[in-house]
Amino acid sequence: MIKLIKGGVYYMGGTLVKENHAFMVEAKKQKAIKGTLAYSILKSHNKGDGENLKISFDALASHDITYVGIIQTAKASGLKEFPVPYTLTNCHNSLCAVGGTINEDDHLFGYSAAKKYGGNYVPPHIAVIHQYMREAEAGCGKMILGSDSHTRYGAFGTMAVGEGGPELVKQLLGQTYDVKRPEIIAVYLKGKPRKGVGPHDVAIALVGATFKKGFVKNKILEFIGPGIKNLSMDFRSGIDVMTTETTCLSSIWETDETTREFFRIHGREGDFKELHPTDPAYYDGAVVIDLSKIEPMIALPFHPSNAYTIREVIDNAADILSEVEKAGNKLKGEGAKPYRLLDRIKDGKVYVSQGVIAGCAGGTYENVAEAAEILRGKNCGNGEFLLNVYPQSQPVYKCLVDNGYISALMGAGAICKTAFCGPCFGAGDTPADNGISIRHTTRNFENREGSKLGEGQLAAVALMDARSIAATAANGGVLTPATEVEYTKKVKKYYFDGSIYEHRVYHGAGNPKPEEQLIYGNNIADWPEQLPLADNLLICVASVINDEVTTTDELIPSGETSSYRSNPLRLAEFALSRKDPAYVGRAKEIKKAEEERRANGALNAEILEKVGIKLAKDTMLGSAVVAKKPGDGSAREQAASCQRVLGGVANIALEYATKRYRSNLINWGMLPLVCKQFDYKTGDYIYIENIRSFVEKGEAAIPAKHISEGKAKNIYLTLGALTEEEKKIILSGCLINFNKK
């Protein structure tokens, strides 16, 4: 189905040719390097040199978990008005039930900010963030930055990047997004998908082929090839949004008449232009996908890369599900109630308990319409299995209603709800303990869907395409690929009713009203003051995570914690709560000891005795989280800021899973340290003398002492490449301090 090509390739005459077969002279290669779509778009937005990019974006987007913190940070740094269109959507904390009034208080704050600073405001249940941006802001050749990891609009000719909130703050203050020129990987599409195969099947296969190998990490995926013409815009965007799960930086697609038709339907044909690479164009590697060979797929718990064909799981259910069961019991730990997944196999069939079609990936018009056709005249049954469907915007919902698809779904027993991202991150439709939910959403990390390991709960979520979810629903919850059911694939033409947005969305971009006042609810708090980096640093390890990969959902859980993301101190209480519940207490003790040091002029005797070596006079004490590969998943800055609020000064890792998490650490004044050996224990100390000087000079290797159980040894740590601005941010203590200067 999918082939990976390492090393350089040329796109010539509509086909891929390996570099060593192309016999291209160097001058032509350099020209071909500049022939990719990504190169031309980056160049047009770059204020830096050819290798050290300084990007200014055309538009920004945030949802109601992130925009309060971003605006508060920018305000503290001198924000006067939004310099580019900034859209504030309300699709994550839409259920105003957790924590009393605080979610709606955030919404009111967002509305007041849009008026004051000149932004767009999309009220709750109107649209999920990415669908609104597709419909209203994406344009060929544009670049958009969003404070959500699934900010991907490449199918619409827009290079979009999902980052932590501080990167949006920089854009709001006229600063740039700084990054080394990324490598560009061609994703060559050929063939045509079979009936019953949908975008999630292609996406899961792509993630499964690339993620574990790190094949496209922090690179740009450029979709090219003859197969594109065989895909609708919904199909393309359904693949595109899932490129986040490959850990790539961004994506871009060739555009054509199908793309033009999308913009025409949405009244924005002026935002279309054809985008094609030159012939030849040079890429740093390639992924070849034969769409005709893609089968209905399933990503089993606990990662989108845990990919199998559905038929493979059905035929080998006991063997495959037992491996997932083992992984679940490892997560729950010894002494916990056993995690049981094999109970789902009955009479040779695999039974699931829930289906969800929702959000930026699942809730498209075509996904829901085809699901309705599969279920037309059938029913989901009145047993354990439930099917929940969330169209991704009110215009999509209205067209589905007018064309009879919602009626067909309701008649089959499906429950249809408004646009909401909650099922994707544990704020809605959390399945029962030991249940298994099949979802056309973006992620299925452990704990992400709302279960709590600390309380003995673990629910399994598997990712599947809407078509196979509907086929499973029609079969009473028995796992079924959509290629094995009969249905009418052709769906009625989509139309867009723009009056929904005209009547309800606040369009204030470019029209700030400085006389307006921000409206603060009781839960909205300012960021606590952060101190600049001292000359010397003593780091106490507050938590060690031995997992091969640590997600941001584990660093700061999603779900009910989302309601507190406008209150840094209150949110920090949840840090690592599902992975290491004792972390917060340890971090607070270390922070208290640092506060006493500043008050008394010296560290207390107990710590000095544990360290056992002489420390320089100006030595700051702080905590650190140590993990092998932290930061996979969400762009949420709170994964870093919560550690900082608790006195965190560093992370120590073998490597960082994503650029965005490393950027979040830097923007919150924390050292993104890299180690060669992973032999740390909770309570260990790392002493770095002259750390401030090392950061200023950008030293490649930083000498340190690792103190464990009273014994000290010399080690070297690295920080990786830092821009001059990033150095200053770390030295200042955080982005807010840097901008105040």
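Entry 1, burial and overall form. I looked up burial and found that 64% of the 741 residues in the chain are buried. The model is a predicted one, and I read every value below with that in mind. I noted 28 helices and 32 strands in the chain. The radius of gyration came out at 25 Å, close to the 27 Å that the globule rule gives for 741 residues, so the chain is as compact as a globular protein of that length. For the extent along the principal axes, I wrote down a box of roughly 75 × 65 × 60 Å, filled by the C-alpha atoms.

Entry 2, surface and charge. I counted charges next: 90 side chains are positive and 87 are negative. The centres of these two sets lie 2 Å apart.

I wanted to know which sheet S8 belongs to. It is an open sheet of 6 strands, in the order S8-S7-S4-S5-S6-S23, with mixed pairing. S8 and strand S23 (506-507) are the edge strands, each pairing on one side only.

I followed the pairing of S8 with S7 (residues 143-146), which is parallel and runs over 4 bridges. Two positions were listed for it. Leu145 stands opposite Val161, and Gly146 has Gly162 as its bridge partner.

I also checked the directions of the residues in S8 (residues 159-162). Met159 and Val161 point one way, while Ala160 and Gly162 point the other way.

How many of the residues of strand S22 (residues 460-464) are buried? I found 5 of the 5 buried, so S22 is largely enclosed by the rest of the structure. Ala460, Ala462 and Met464 point one way from S22, with Val461 and Leu463 on the other side.

I looked up two pairings of S22. With S14 (residues 297-299) the sense is antiparallel, over 2 bridges; Ile298 has Met464 as its bridge partner there. With S21 (residues 436-440) the sense is parallel, over 4 bridges; Ile436 is bridged to Ala460.

I placed Thr552 in helix H20 (residues 552-555). Is Thr552 buried or exposed? Its relative accessibility is 0%, and buried means under 20%, so Thr552 counts as buried. Beyond four places away in sequence, Thr552 touches Gly631, Asp632, Gly633, Ser634, Arg636, Ala639 and Tyr661. I also took its separation from Thr87: 465 residues in sequence and 24 Å in space, C-alpha to C-alpha.

I found Leu4 in strand S1 (residues 2-12). Leu4 is partly exposed, with a relative accessible area of 25%. Which residues is Leu4 in contact with, leaving aside its neighbours within four places in sequence? I listed Ala209, Thr210, Lys213, Phe215, Ala286 and Val287. For Phe215, which is 211 residues from Leu4 along the chain, the C-alpha separation is 8.4 Å.

Where does Glu274 lie? I located Glu274 in the loop between helix H10 (257-265) and strand S13 (281-290). Glu274 counts as partly exposed, at 44% relative accessibility. Leaving aside neighbours within four places in sequence, I noted Thr255 and Glu257 as the contacts of Glu274. Ile41 is 233 residues from Glu274 in sequence, and their C-alpha atoms are 13 Å apart in space.

Key:
Residues are numbered from 1 along each chain as its sequence is written. This is a predicted model: local features need pLDDT of at least 70, side-chain atom pairs count only at pLDDT 80 or more; totals for chains, interfaces and linings use all residues. Side-chain values use heavy atoms; hydrogens and water are left out. The radius of gyration is taken over C-alpha atoms; the globule rule is 2.2 Å times the number of residues to the power 0.38. Buried means under 20% relative accessible area, exposed over 50%, partly exposed in between (1.4 Å probe, protein chains only). Lys and Arg count as positive and Asp and Glu as negative; His and the chain ends are not counted. The place of a charge is taken as NZ of Lys, CZ of Arg, CG of Asp or CD of Glu. Two strands pair if DSSP finds at least two bridges between them. Contact means heavy atoms within 4.5 Å.
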